Amino acid sequence: LRRPSRSSRPPLPPGPKPIPFLGNVLELNTEAPYRTYAEWSKTYGDILYTRILNQEIIVLNSEGAAVELLERRSTKYSDRPFIATAGLFGWEWATALARYGPRLRQHRRLYHQSFHAGASMSYRPRQLQAAYEMLARILDDPTHYAEHFDRFAATVVLSVTYGYDINGGEAFAKSLKHAADIFARVGNPESAALCAALPFVKKLPAWFPFMRFKYEAAECAKLAKDARNQSYAWVRQQVDEGTAKQSMVADAMDGLGDDTQDHQLVQAIKDSAATLYSGSVQTRGQTNAMLLMFVYHMMHHPEVQVRAQVEIDRVVGTQRLPDFGDRPALPYIDALVRETLRCHPILPIAIPHATTEDDVYEGYRIPKGTTVMANIWAISQNEAKYPNPTAFLPERFLRSDGTLNDDNVPWIYGFGRRICPGRYVADASLWSAMVCILALFNIEKTVGSEDIKWETGMSSYPLPFPCKFVPRGKDTDGPTLASLIYAHRVDY
Ligand code: HEM
């Protein structure tokens, strides 16, 4: 058998011409690479090829191409690119960085068992409770609203993952946060690119000039390891004593019996659980970033707030707080949640996938080992599907009779075998936080509101900015709200 000659192989997808060593890095807007990719797609089409240093990247600029490759052909497209610093920082255990294989599948099974659409419903009372408590904090101290969002997100994740109450003060919660912060600060794409381009860097000792980050790397790895063991031991003790609340780790222990029997599964439980927690507390996780985005949109769109509040007042009234039973009667609120997810996606290039086999798409060759990115930002700004895409218009998700349409922006959570396993939990957290805030407060501009700094790179959202949370009712004071929250109190 003769191998096909190089010239008879399909070509790579089109793209800007790379220069030696650097590739296309000089043309890339590194603060918002998704904008450059969207710009290039006007010349090269929905699928384009680019090289950044020594990393070969294929960018999918349309929902159709992303669904075709990352979902329908997911057996070939579910790996992650190798991140050189992950191992160095002791972070190779995290699900989001895991290569495609049995370990990833084990993590995904554990998530599925506790967070599929049906199972996620059982966490709703806790999410609502956490949202109510967040309202009380905002009322008491509105200036630090972003910190209250961080606490809300961490409360939910600790509860659904470990059945742990954030007020418990266990050391593991602190160690994991600390490790996640170090990894976010030092394990950045630049150090990763340095380690990938110059592999000997990984072997240099920490005292070597410019290698100080290695001291932090060692600390980060140790903290993360201790925290994973301690959090697991904490749930084990609760389960053995019969006091454990339902959670992902407790569910997983149910099928385990003795911890010494299946080391691999025990490690998978520790690692998959810690991934959720570290993702949510790391400087800012997805849920809290999305809530900052929500405040930003509301501050600029008082007319949207009014329409949402008319709906809430009609369905819920002013004598109680919203709950999930109200959700079907509040279509505009759901439309508002979807528009907040769509209008400015917080993960504009999601998390890159990578191929495990060669493939051909629309006559183009996609080699094994290529990084494949879905340009979520380009998908969100598709004029044909979302006319006037930069405008914030929740009604684009409503039919003419006022009911919700079928577009629940699924692409915001990624694709195929790597799709976000926490999407149902995230959806319930976002809904409960947004509806509760709108029920109680008007969000208004104040001095400094226009001077907003943005997180850039892989994520994009406004960093905390000044704004006012003005209670809507004359009698919304601490004691009234406390009695409303108490009346709704759920024990979980
Ligand atoms: C607004 C909130 C959220 C958004 C927009 C979001 C979005 C995403 C996206 C785009 C990915 C990458 C998917 C892909 O590679 O195709 C992802 C992965 C992931 N998400 Fe979320 N997420 C959110 C909240 C959550 C929550 C609350 C949890 C946990 C309870 C969670 C757990 C994860 C995990 C573990 C992964 C890695 C999956 C893997 O690599 O296989 N996410 N998320």
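How do the residues of the shell around the ligand divide into nonpolar, polar and charged?

1. That shell holds 16 nonpolar residues, eight polar ones and one charged one. Please keep in mind throughout that this is a predicted model.

2. Now for who sits where around the ligand. There are 25 residues around it, and those that come nearest are Gln-286, Gly-414, Arg-418, Cys-420 and Gly-422. Helix 12 (263–281), helix 13 (286–300) and helix 17 each contribute at least two residues to the shell.

3. An unreviewed UniProt entry lists Cys-420 under "binding site", and in the model Cys-420 is among the residues that come nearest to the ligand. Cys-420 lies in the loop between helix 16 (376–380) and helix 17 (423–440).

4. Leaving aside neighbours within four places in sequence, Cys-420 is in contact with Tyr-413 and Gly-414. Gly-414 is also listed among the residues that come nearest to the ligand.

5. On the overall fold, the chain has 18 helices and ten strands. The radius of gyration is 24 Å, close to the 23 Å that the globule rule gives for 492 residues, so the chain is as compact as a globular protein of that length. Along the principal axes, the C-alpha atoms fill a box of roughly 80 × 55 × 45 Å.

6. Two figures describe the packing. Buried residues account for 41% of the 492 residues in the chain. Among contacts with a separation of 6 or more, 75% join residues 24 or more positions apart.

7. Which residues touch the most other members of the largest nonpolar core? They are Met-434 and Cys-436, in a core of 126 residues. Helix 17 gives the most to this core, with 13 residues. Beyond its neighbours within four places in sequence, Met-434 is in contact with Phe-294, Ile-333, Leu-336 and Val-337.

8. Last, a look at Asn-54, in the loop between strand 1 (47–52) and strand 2 (55–60). Asn-54 counts as exposed because it has 11 C-beta neighbours inside 10 Å. The C-alpha atoms of Asn-54 and Ala-98 are separated by 21 Å, and the two residues are 44 residues apart along the chain.

Terms used:
Residues are numbered from 1 along each chain as its sequence is written. This is a predicted model: local features need pLDDT of at least 70, side-chain atom pairs count only at pLDDT 80 or more; totals for chains, interfaces and linings use all residues. UniProt positions are given in the numbering used here, feature names are shortened, and annotations may be inferred rather than shown by experiment. Helices (H or I, at least four residues) and strands (E, at least two) are DSSP runs, numbered from the N terminus. Two residues are in contact if their C-beta atoms, placed from the backbone, lie within 7 Å. A residue is near a molecule or strand if its C-beta atom, placed from the backbone, lies within 6 Å of it. Ala, Val, Leu, Ile, Met, Phe, Trp, Tyr, Cys and Pro count as nonpolar, Asp, Glu, Lys and Arg as charged, and the others, Gly among them, as polar. The radius of gyration is taken over C-alpha atoms; the globule rule is 2.2 Å times the number of residues to the power 0.38. A residue is buried if 20 or more other C-beta atoms lie within 10 Å of its own, exposed if 12 or fewer, and partly exposed in between; C-beta atoms are placed from the backbone. A nonpolar core is a set of buried Ala, Val, Leu, Ile, Met, Phe, Trp, Tyr and Cys residues joined through C-beta atoms within 7 Å.
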